[in-house]
Amino acid sequence: MRWMRVLVAVLACGMAPAYADVRGEVALEGRLFTQSPLDDRQQEGNLSLSGEVEYYTTWDDGRQSFTFKPFGRLDQHDDERTHIDLREAVWIFHDDGFEFRAGVNKVFWGVTEVYHLVDIINQTDVLENPDGEQKLGQPMLKVSLERDWGTLDVFFMPLFRERRYPSVDGRPRTQPRIEHDLTEYENDREEYYPDVAVRWSRYLGDWDVGVAYFHGTGREPTLVPGIDDGELVLIPRYEIIHQASIDLQGAVGDWLWKFEALHRKGQGPSFSAFTGGFEYTFYGLWEGASDLGVLAEVMWDERGDEATTPFNRDLFLGLRWVANDVDGTEVLTGVVSDWNNGSRFFNLEASRRFGNDWKLGVQARLWSHVDAEDPTYSLRQDDYVEVKLTRYF
Amino acid sequence: MKVRPLLLALSLTTALALPALADEAADKGLEIAQEADRRDTGYHDFKAELTMLLRNKQGEESLRHMRTNSLEVDDDGDKTMIIFDQPRDVQGTALLTFSHKVEPDDQWLYLPALKRVKRISSRNKSGPFMGSEFAYEDLASQEVEKYTYRFIKDDELDGEAMFLLERDPVDENSGYTRQLVWIDKAEYRPMKIEFYDRKNSLLKTLMFKGYQQYLDQYWRAREMFMENHQTGKSTLLTWKQYDFRVGLEDSDFTTNSLKRAK
């Protein structure tokens, strides 16, 4: 118990907060689906309200801090999307090249724009947005060492978070729907199987490199057909996996180069996958202040159409326009095409600030020429436009 | 630094047409820049808070608030971290820069919503910083090696004696062909800079106001007012609080420390 006494002593050191801050945001979101749903229990439109508050305090000359960040959403039609999550509740201690974190935290690994292949620490909150960028908070202990040879992060994660899926009324969603209540695990310890992960990273001139290893419950389930109340459903099944990955990004002149690759064992036959590409930016377009980036990324998965991801034989081509104006206007648009089966996915994301505290965002997603073999086949009628107004405080 | 009192003593206000004197003008310009740099070396580190008041032609205003940490690096450019507080949608966003004397800077941007650290291209020197009239290169660490110099003449500004220098950016990606810099003779502080765009037209004027001295040596302007003559927009940058030698180290300027920034 000696470490407990050390911990108490460390925590007590200058307990009076030197700095504390509360911030947050509330967002109203409307989605309009432009085609009739495949399942008549689904809706043509949806309204939703979400909010997030963050309390942050730091003491001990900034060496220690605590962040508490709950999130919640109220959804008009989807009971599953009406959800709350503790995004963060983490205590951080750091001192000269050493960092310790304990609690619920969020960690991002990766460099590419479209598909976040190697990012595995946090479970994806697919209810929030199909883009895979929203994450559930992950309980963990994390130690980081920063040395001349790079940064070493070691993670211990005692509890697994299941992916949650849209309810019968939810949209966009798979057909048949995924029934979370029937979730299966490969290991008898289910969500209590502890995960471990290690990541080494460093920068070398223009390049950043990261090498990681993960062992534990895979975040991405295999979906197996099953029956729920006489209805055909998909059942998520979580396997114990080993995954080694590498990520690389470089800024060379006007080029940003990005590459991610992994090898995974334990989820069916072992396989490799990679994604990578570039973003080339034309600065000061037409002698003005705005920048135009041209993006291209390849996504490849050894499993092909058997993959648990739609990004298995795909090419992304996109444009990013950044106005560099007072309102922070930005537009990102592009298309992901599967070169095996011709399925296409179009995406547009635009945002702009109003005044100091408001932001308007627009997203449009549509699926076309979707092949029956493609994992996105059940989304073929789910094209939608989303408008989101956020107030920050 | 090599001081050449003979050259310094020369008055070059006239007859600049002679090539020999042009070299002397370059030498004298460089010496003034080196002296200004020498006087501003050795503070080790500082923290500061700043606001930017952006005003457009119609008089509409917009406010930015940020904090900056800076660390001197021997024989290289500074390491700096800028943490944004306002506008609210970018709160917690942080920019880490390892500036270099001649090579392009290394830059990382931390996006708090995704917890993502992105390497960004530092080629975009001439782009506006946060929609303001300051370009990235205006705010970057001002290393002597980033320009070539030419002494133009002795001048006066608000009754104070000045050196007037021209400095030309070495980097071809700079948004400027040249800058005219007024440096006061008493303390070697920049008081006014005129920026000429790639077509050599006057683009912007920067005025430094309210200099205060820290640690009995280092002068910092409280206000920097940038006016864009071509668009009618302006930005008033106000430094709220300077704390020198607060004990910042290399470990406070890493991608891990970016993720801790709030």
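The structure is a predicted model.

These strands belong to an open sheet of three strands in chain A, ordered E8-E12-E11, with mixed pairing. Its edges are strand E8 (184-185) and strand E11 (222-228), each of which pairs on one side only.

Two cis peptide bonds are found in chain A. One joins A:Arg171 and A:Pro172, with omega about 0°. The other runs from A:Gln175 to A:Pro176, with omega near -10°. A:Pro172 lies in the loop between strand E7 (150-157) and E8 of chain A, and A:Pro176 is also placed in the loop between E7 and E8. Most peptide bonds are trans.

A:Val104 is part of strand E5 (residues 98-105) of chain A. Its relative accessibility is 15%, so A:Val104 counts as buried, the cut-off being under 20%.

Leaving aside residues up to four places away in sequence, A:Val104 touches A:Leu86, A:Arg87, A:Glu88, A:Ala89, A:Val90, A:Gly137, A:Gln138 and A:Pro139. The C-alpha atoms of A:Val104 and A:Leu159 are separated by 10 Å, although these residues are 55 residues apart along the chain.

## Nonpolar surface patch on chain A

A nonpolar patch on the surface has about 940 Å² of accessible area in total; among its members are A:Leu86, A:Val22, A:Tyr55, A:Phe68 and A:Phe393. At least two residues of the patch come from each of strand E1 (19-33), strand E2 (45-59) and strand E3 (64-75) of chain A. E2(A) gives the most, with four residues. A:Leu47, one of the patch residues, lies in strand E2 of chain A.

## Nonpolar cores

The largest nonpolar core has 51 residues, and those with the most contacts inside it are B:Phe84, B:Phe129, B:Leu206 and B:Met224. Apart from residues up to four places away in sequence, B:Leu206 touches B:Phe134, B:Met191, B:Lys192, B:Ile193, B:Phe195, B:Met224, B:Phe225 and B:Met226. A second, separate core of 30 residues includes A:Val118, A:Phe311, A:Phe345 and A:Trp367.

In chain B, strand E4 (residues 94-98) and strand E5 (residues 106-111) run antiparallel and are joined by five bridges. The bridge partner of B:Leu96 in E5(B) is B:Trp108.

E5(B) also pairs in the antiparallel sense with strand E6 (residues 116-120) of chain B, over five bridges; here B:Leu109 stands opposite B:Lys118 of E6(B). E5(B) and E6(B) form a hairpin with four residues between them, and B:Lys115 in the turn has a positive phi of about 60°.

## Positive phi in loops of chain B

Most residues other than glycine have a negative phi. B:Asp75 has a positive phi near 60° and lies in the loop between strand E2 (61-71) and strand E3 (79-86) of chain B. B:Asp75 counts as exposed because its relative accessibility is 73%, where exposed means over 50%.

B:Leu215 has a positive phi near 50°. This residue lies in the loop between strand E11 (202-214) and strand E12 (218-228) of chain B. B:Leu215 has 41% relative accessibility and therefore counts as partly exposed.

Definitions and conventions
Residues are numbered from 1 along each chain as its sequence is written. Chains are lettered from A and ligands numbered from 1 in the order in which they are written. This is a predicted model: local features need pLDDT of at least 70, side-chain atom pairs count only at pLDDT 80 or more; totals for chains, interfaces and linings use all residues. Side-chain values use heavy atoms; hydrogens and water are left out. A nonpolar core is a set of buried Ala, Val, Leu, Ile, Met, Phe, Trp, Tyr and Cys residues joined through side-chain atoms within 4.5 Å. Buried means under 20% relative accessible area, exposed over 50%, partly exposed in between (1.4 Å probe, protein chains only). Contact means heavy atoms within 4.5 Å. Two strands pair if DSSP finds at least two bridges between them. Patches are made of residues with over 30% relative accessible area and no salt bridge: like charges are joined within 9 Å, nonpolar side chains (Val, Leu, Ile, Met, Phe, Trp, Tyr) within 5 Å. Accessible areas come from the Shrake-Rupley method with a 1.4 Å probe; for residues, only the protein chains shown count as cover. A salt bridge is a side-chain nitrogen of Lys or Arg within 4 Å of a carboxyl oxygen of Asp or Glu.
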